[in-house]
Amino acid sequence: MSEYQYYEFQALDRRLTEAEMAEVSNLSSRVRPTPTQAVFVYNWGDFRSDPLQVLGRYYDAMLYMANWGTRQLAFRLPKQIVRIDELRQYEYAEFIELHEQAEHVILDLKYWDEDGGGGGWLEGEGTLSQVVSLRDDILRGDYRALYWVHLKIVLAEAAMLEEDEEFFEAPVPPNLSVITRPLEKLIEFYELDPDLVAAAIRNLPQQEQVQRAPDLAEHIDKLPTEEQRALLVRLLNGEQHLDLELRRRLLKLAPQPTGTQSSSPRRSIRALMALADEMKRERKAKERAARATARHKHLEKIAAQKDDLWARVMSLIAQKKTIAYDEAVEILKHLRDLAVSQQQAAGFYERTAGIIAQYPKLPGLHDRMRRAQLLK
């Protein structure tokens, strides 16, 4: 299997200068950076720099994936906006890490499959654009993305637990049961078990269920006039993330809780895994029942058309054309399934044997019928 590594960087808060793009170009002869993006794809070789350093110097978001199972999503966050103490609740050594810089914090979310990954086809292009809005969610204090990545990591770690050991989930953020499109793509990117996701959002504590954001506009008048004017001046100057800074300021004035902290007891990973197994059994039982219902309806339809279908088969075979044989065999497979369900298989095979006897010199038809198991 050939190697595949994909790196993508995006600039969100500002565009790169010509000089900065030239510096990024020096990292690889194959990269063609734009003011807002750079993509590196390797089928052999490797990235010639530390990707987190590149992120910290030039960009705001980075995604990396490799076909041996590594997944990484990292964001550069403005230090004056983020709540570092809250982010640290989701840290997990080597997997979820915070790296503080002078003006930014790098949030690094990585995971690697110890078994080497699934080895299937990978395509990184477009993935970062589907999840990059999660950066704004995190800046607003919405940590659902961090919860899901943390859950993926502790689930893998729990597989190595001794009987007397236990892991617990991270703090449960509000609205966990609301899976937005970017969160759905994140869950897919980190290959989280859908049944575990379903287990995590079942029976959530009341305070972690869907919450409405407080109406902050009514608290603007509580700000001193001087502060209001200063905010407007900064807005005119095009300052980035001023809305987030204002939101944080108003949340302090609002009587409602911010909703970013969870006071509920954390659920054990063993309990979530057990619930996921139970839900998987329930899901598979429902899927089996649905398939059985669909099959029953299909066979009822075949039964109602049985005589017409046999006539159609003989008409197709009489054409002595390859494409007609293919259609005839497909119809015969449906008639066979009907006969088996009605315990009339013997009669069906007598009729197919009769077809062979009637057309002994059609090897193409005979071969198709044998491969489809339509003969005894």
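How do H14 and H15 run relative to each other, roughly parallel or roughly antiparallel?

**Entry 1: ground rules.** I am working from a predicted model, in which local features need pLDDT of at least 70, side-chain atom pairs count only at pLDDT 80 or more, and totals for chains, interfaces and linings use all residues. Residues are numbered from 1 along each chain as its sequence is written, and side-chain values use heavy atoms, with hydrogens and water left out. My element names follow DSSP runs numbered from the N terminus: helices are H or I with at least four residues, strands are E with at least two.

**Entry 2: H14 and H15.** I looked up helix H14 (residues 345-358) and helix H15 (residues 363-371), whose axes come within 10 Å and cross at roughly 160 degrees. Axes here are lines fitted to C-alpha atoms, for helices over the stretch in contact, and angles run from 0 to 180 degrees between N-to-C directions. H14 and H15 are therefore roughly antiparallel to each other. The classes are: under 35 degrees roughly parallel, over 145 roughly antiparallel, 65 to 115 roughly perpendicular, and the rest oblique. I noted that H14 passes H15 in a left-handed crossing; the term applies if the near helix is turned anticlockwise from the far one by less than a right angle, and right-handed if clockwise. On the H14 side the contact has Thr352, Ile355 and Ile356, which meet Leu365, His366 and Met369 in H15. Contact means heavy atoms within 4.5 Å. The contact of H14 with H15 has four nonpolar, two polar and no charged residues. Ala, Val, Leu, Ile, Met, Phe, Trp, Tyr, Cys and Pro count as nonpolar, Asp, Glu, Lys and Arg as charged, and the others, Gly among them, as polar.

**Entry 3: H13 and its partners.** Helix H12 (residues 306-319) packs on helix H13 (residues 322-341) at an angle of about 150 degrees, with the axes 9 Å apart. That makes H12 roughly antiparallel to H13, and H12 passes H13 in a left-handed crossing. I counted the residues of the contact of H12 with H13 by class as twelve nonpolar, one polar and three charged. Next I took helix H11 (residues 269-304), whose axis comes within 10 Å of that of H13 and crosses it at roughly 105 degrees. H11 is thus roughly perpendicular to H13. Arg295, His298, Leu299, Ile302 and Ala303 of H11 make this contact with His334, Leu335, Asp337, Leu338 and Ser341 of H13. By class, the contact of H11 with H13 has five nonpolar, three polar and two charged residues.

**Entry 4: the sheet.** I traced an open sheet of six strands in the order S2-S1-S3-S4-S6-S5, with antiparallel pairing. Strand S2 (37-42) and S5 stand at the edges with a single partner strand each, so one side of each is left without a neighbour in the sheet. Pairing requires that DSSP finds at least two bridges between two strands. Strand S1 (residues 5-10) pairs with S2 over six bridges, and Glu8 stands opposite Val39 in S2.

**Entry 5: strand S6.** How many residues of strand S6 (residues 104-111) are buried? Eight of the eight are, so S6 is largely enclosed by the rest of the structure. Buried means under 20% relative accessible area, exposed over 50%, and partly exposed in between (1.4 Å probe, protein chains only). His104, Ile106, Asp108 and Lys110 point one way from S6, and Val105, Leu107, Leu109 and Tyr111 the other way. Strand S4 (residues 71-78) pairs with S6 over eight bridges, with Arg71 opposite Tyr111. Strand S5 (residues 96-100) pairs with S6 over five bridges, and His99 has Ile106 as its bridge partner. A hairpin joins S5 to S6 through three residues.

**Entry 6: helix H7 and positive phi.** In H7, I found Pro182, Leu183, Lys185, Leu186, Ile187 and Phe189 buried. Just after H7, Glu191 takes a positive phi of about 55 degrees. Most residues other than glycine have a negative phi. Asn175 also has a positive phi, near 65 degrees, and lies in the loop between helix H6 (144-158) and helix H7 (181-189). At 19% relative accessibility, Asn175 counts as buried. Gln373, in the segment after H15, has a positive phi of about 60 degrees. At 57% relative accessibility, Gln373 counts as exposed.
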